[in-house]
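Thanks for passing this one along. Here are a few notes to read beside the coordinates.

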Amino acid sequence: MILRLYNTFSKKVEEFEPLKPGKVKLYSCGPTVYSHAHIGNFRSFLVADILKRFLEFKGFAVTHIMNITDVGHLLDDADEGADKLEEAARRQKKDPLEIAGMYTDSFMASSKLLNIKPANHYPKATEHIDDMIKMVETLVEKGFGYIVGGNVYYDVTKFADYGKLSGNTLDDLNAGARIEVNEEKKNPQDFALWKHDPRHIQQWDSPWGRGFPGWHIECSAMSTKYLGPQFDLHTGGEDNIFPHHECEIAQTEGATGKKWVNYWVHTRFLLVDGEKMSKSKGNLYTIPELIEKGFKKNAIRYALISSHYRQNYNFTFDGLKAAEQAIDKINQCVFTLGEIAKIQNDQAVSDGVKSLIDKSLAAFDEALCDDLNISKALGAVFDFIREANKLEDVSPSEAAALIGAIEKIDSVLGVIEKSSDDVPDEIIKLAAERKQAKLDKNWQRADEIRDEVTAKGFVIEDMPGHEYRIKRKEG
Ligand code: AMP
Ligand code: ZN
């Protein structure tokens, strides 16, 4: 089955064919590290994660780059206003790099909690200023960039394809343009490649004097540095389409003279009460906040991946609770099968079980090949779980085969709890003692042990048939 994806550039669902057979190069616009990333941001990052994991499920070797924006993203995406990071630095009376470091760490920690597979590299804008300067020089040499008093702008009328991604033609844009405040620009839609502003805290030397790079140039310079002048996939949230990605295309293709990215994948917004969740609106939740409220990290992941990326996802706490129940169903099935699989056995796997596995994996694959149709894919998973639960006299080898298939599915979903293999003996003994106390109906002792285990940083979760599992406390 071939993966079909909606390409924002062609506005069509297309068959995915990588530039090099078996290999995929993927670039994702990463976080602007001026505050904690929220679950809306993570919805976009999780779409990239699911896409990458599914490509790996299908046997592709994926190289993934995600940038960290630590300079140049102005409050107004259209080039005006203060730098988001510097604004935060001023407010918190800290150095911009300290702010960036703090929120980069927070982003990495939440990505880990959400079981997002790390990118191969997370280049930081501030560590690639030379690469950006080189690209701006090329754009000036080729006539796309022009210099005005220490600023360098991109002349959008020089790039014939400007507007192709977003559908914003220059005529439309000019008709709707706000009153132009910047008289240096040749055209209202020209955007900054390099900015001169003595008030800016972060400054670098350049052929045009001291200044700092525009936001868009970092992604053009860093993506091509790590992935080459042409690659397969570029992701981001829907607000990245314009101006950010439109400008990225104009810059990169202007500089290299080559078609840059083959497939553009954009995630629709996560909403709260019908409004975009955003750092500037302040209507946001972070991952640690939701964990603090008692939600499990894999349920948060499940909730954020469980709706189609080209539809808005309306975040609710009921949705999170439903996600917990859904995951419990998968985990309980894996647990029950795991108990059977523990027994040594080399009996053959029956044709019935084999065909259930093949059918389920094929249905999961088919659903995700259909432009990452996650609802259909999850439907296939729960059909599989239901049928697996109904099987009678499952042999240990069959249980192991069924678990193998669920784990294959989970290599994409990433929601199954892995039982901790680092539980100390002391805790294992206490848990066994608690099970006996419960069998003896000594509820007081059972509760005491639970509290003791909790105080030591572990949680005992009860499973059917007096079974249980022990996990490290999250957070
Ligand atoms: P930022 O940190 O603002 O640069 O955003 C990081 C990523 O999150 C970008 O790809 C944005 O498009 C995306 N994003 C921002 N807000 C939301 C939202 N409410 N829902 C989904 N994606 C979002
Ligand atoms: Zn970007």
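1. Before the details, a word on conventions. This is a predicted model, in which local features need pLDDT of at least 70 and side-chain atom pairs count only at pLDDT 80 or more, while totals for chains, interfaces and linings use all residues. Residues are numbered from 1 along each chain as its sequence is written, chains are lettered from A and ligands numbered from 1 in the order in which they are written, and side-chain values use heavy atoms, with hydrogens and water left out.

2. The chain splits into domain 1 (4-267), domain 2 (287-413) and domain 3 (425-472), with bounds from an automatic or database domain assignment. Taken over C-alpha atoms, the centres of domain 1 and domain 3 lie 50 Å apart.

3. Have a look at helices H11 (residues 351-369) and H13 (residues 396-413), whose axes come within 10 Å and cross at roughly 5 degrees. Helices here are DSSP runs of H or I with at least four residues, and strands are runs of E with at least two, numbered from the N terminus. Axes are lines fitted to C-alpha atoms, for helices over the stretch in contact, and angles run from 0 to 180 degrees between N-to-C directions. H11 and H13 are therefore roughly parallel to each other (angles under 35 degrees).

4. Which residues of H11 meet H13? On the H11 side they are Val-353, Leu-356, Ile-357, Leu-361, Phe-364 and Leu-368, and their partners in H13 include Glu-398, Ala-401, Lys-408 and Leu-413 (contact means heavy atoms within 4.5 Å).

5. The whole structure holds 27 salt bridges (a side-chain nitrogen of Lys or Arg within 4 Å of a carboxyl oxygen of Asp or Glu). One joins Asp-155 to Lys-158, with the closest N and O atoms 3.5 Å apart. Asp-155 is buried at 3% relative accessibility, whereas Lys-158 is partly exposed at 44% (buried means under 20% relative accessible area, exposed over 50%, partly exposed in between, with a 1.4 Å probe and protein chains only).

6. Lys-321 and Asp-318 also pair, at 4.0 Å between the closest N and O atoms. They sit three residues apart in helix H10 (residues 317-341), so about one helical turn separates them.

7. Finally, Asp-462 and Arg-450 meet in a salt bridge at 3.2 Å, N to O. This pair links distant parts of the chain, with Asp-462 in strand S14 (residues 458-462) and Arg-450 in helix H15 (residues 443-455), twelve residues apart. Salt bridges with shared partners join Arg-434, Lys-438, Arg-450 and Asp-462 into one network.

Technical notes: Parallel < 35°, antiparallel > 145°, perpendicular 65-115°, else oblique.
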